[in-house]
Amino acid sequence: AVVSTQSTGYITNNLRMAYRRKLLDMFDTFLIDCDGVLWHGDSPIAGVSKAIKTLQAHNKQVIFVSNNCGKTIDQIQGKFKTLLDIDNISPRNIITSAVSSAIYLKNKMDIESEKVYLVAQQPFKQTLEEFGIHTIGVGPVKPKEYGDWANEEVDKSVKYVIVSYDPYFNHTKLTQAYLYISENNAEFIASDTDNFFSVSPTRKIPGSLSLQAGLAAVLNRNPTVMGKPDPFLFELIQKEHGTIDVAKTIMIGDNYFTDIEFGFNCGLSTGLVLTGNTKLKEVSNFDRQPDFVLEGLACLGKE
């Protein structure tokens, strides 16, 4: 039931109850990703509801840490209720890179006079506006021709550019973001650096990183990152929940490059689940191995 590969324990859904209890005994705080761990879109992953309820029954601190800016906290709470039949997840136990972006900007910008050019979806805009932050740019935009840019006015009040996932992304938005950064010296911010999004158990699509890469290339600079794997998100969690014992905390997620590296960067133990982006055949290629590889979060709910 448990196969050790180097330092990694591979845990199947047939995990012996004794070992499951040992894992529960090892950690007091569980940081858990959402997409690819709890659900794929609007389809729940089997067994995760019981796993979460098991953690709660053992009085574990469970905090959900997501790079998905396409949902507000209220909408994520709604998914817990409708998909997992769990209605006791507090908003303070959910943090997204949209929230971390809002907190970062709130503490830095002049809200009265400065704006954010936001390459993202409507829920991200809504999150920022709840913090009093004025944004422009969300939604479809008519493509501009090459010559249209020669006399284009650049709004001098735009001092921040955030690039996240945007289904309406095109060359016009790329150019607009470039002009704000190059001519206004606006700060280049990435909500997250997800290389892929898991949309089903067998399919993934390019994530936010694919939109940021072109802008980073022409600017010859990397953005300030608000989400995993940057430790800033963990700093916010510690401020909200008090000092967290890193030795008794595990980060569980499906994406090695965001979730697992986030755990590494924050000094946490790590658990990779195989229900999303990263597959078992890829694990041996990584220079640093996660502490645990699980078939799914459902392992923790198995009797």
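## Cysteines

A disulfide is a pair of cysteine sulfur atoms within 2.5 Å. By this rule the count here is zero. Cysteine 69 is in no disulfide, and the nearest cysteine sulfur, that of cysteine 34, lies 12 Å away. Cysteine 266 is in no disulfide either, with the sulfur of cysteine 34 the nearest at 16 Å.

Burial is judged with a 1.4 Å probe on protein chains only: buried means under 20% relative accessible area, exposed over 50%, and partly exposed in between. Cysteine 69 counts as buried because its relative accessibility is 5%, and cysteine 266 counts as buried at 12%.

## About the model

This is a predicted model, in which local features need pLDDT of at least 70, side-chain atom pairs count only at pLDDT 80 or more, and totals for chains, interfaces and linings use all residues. Residues are numbered from 1 along each chain as its sequence is written, and side-chain values use heavy atoms, leaving out hydrogens and water.

## Nonpolar cores

A nonpolar core is a set of buried Ala, Val, Leu, Ile, Met, Phe, Trp, Tyr and Cys residues joined through side-chain atoms within 4.5 Å. The largest has 62 residues, of which Ile32, Leu38, Phe80, Leu105 and Leu297 touch the most other members. A second, separate core of 17 residues includes Tyr117, Trp149, Val161 and Tyr180.

Which residues does leucine 38 contact, leaving aside its neighbours within four places in sequence? With contact meaning heavy atoms within 4.5 Å, its partners include Ile32, Asp33, Phe64, Phe80 and Leu297.

## Pockets and a cavity

On a 1 Å grid over the protein atoms alone, a cavity is a set of points where a 1.4 Å probe fits but cannot get out; a pocket is an open set with protein on both sides within 12 Å along at least five of seven lines, and lining residues have an atom within 4 Å of a point. Grid points are joined across faces, edges and corners, and a volume is the space filled by probe spheres set on the points. The largest pocket holds about 520 Å³. Its lining has 29 residues, with Asp35, Asn68, Phe197, Ser198 and Val199 nearest its centre.

The second largest pocket has a volume of about 210 Å³. Among its 13 lining residues, Ile94, Ile95, Val99, Ile103 and Glu240 are closest to its centre. The structure also holds one cavity of 30 Å³ or more. The largest cavity has a volume of about 40 Å³, and its lining includes Cys34, Asp35, Trp39 and Asn68.
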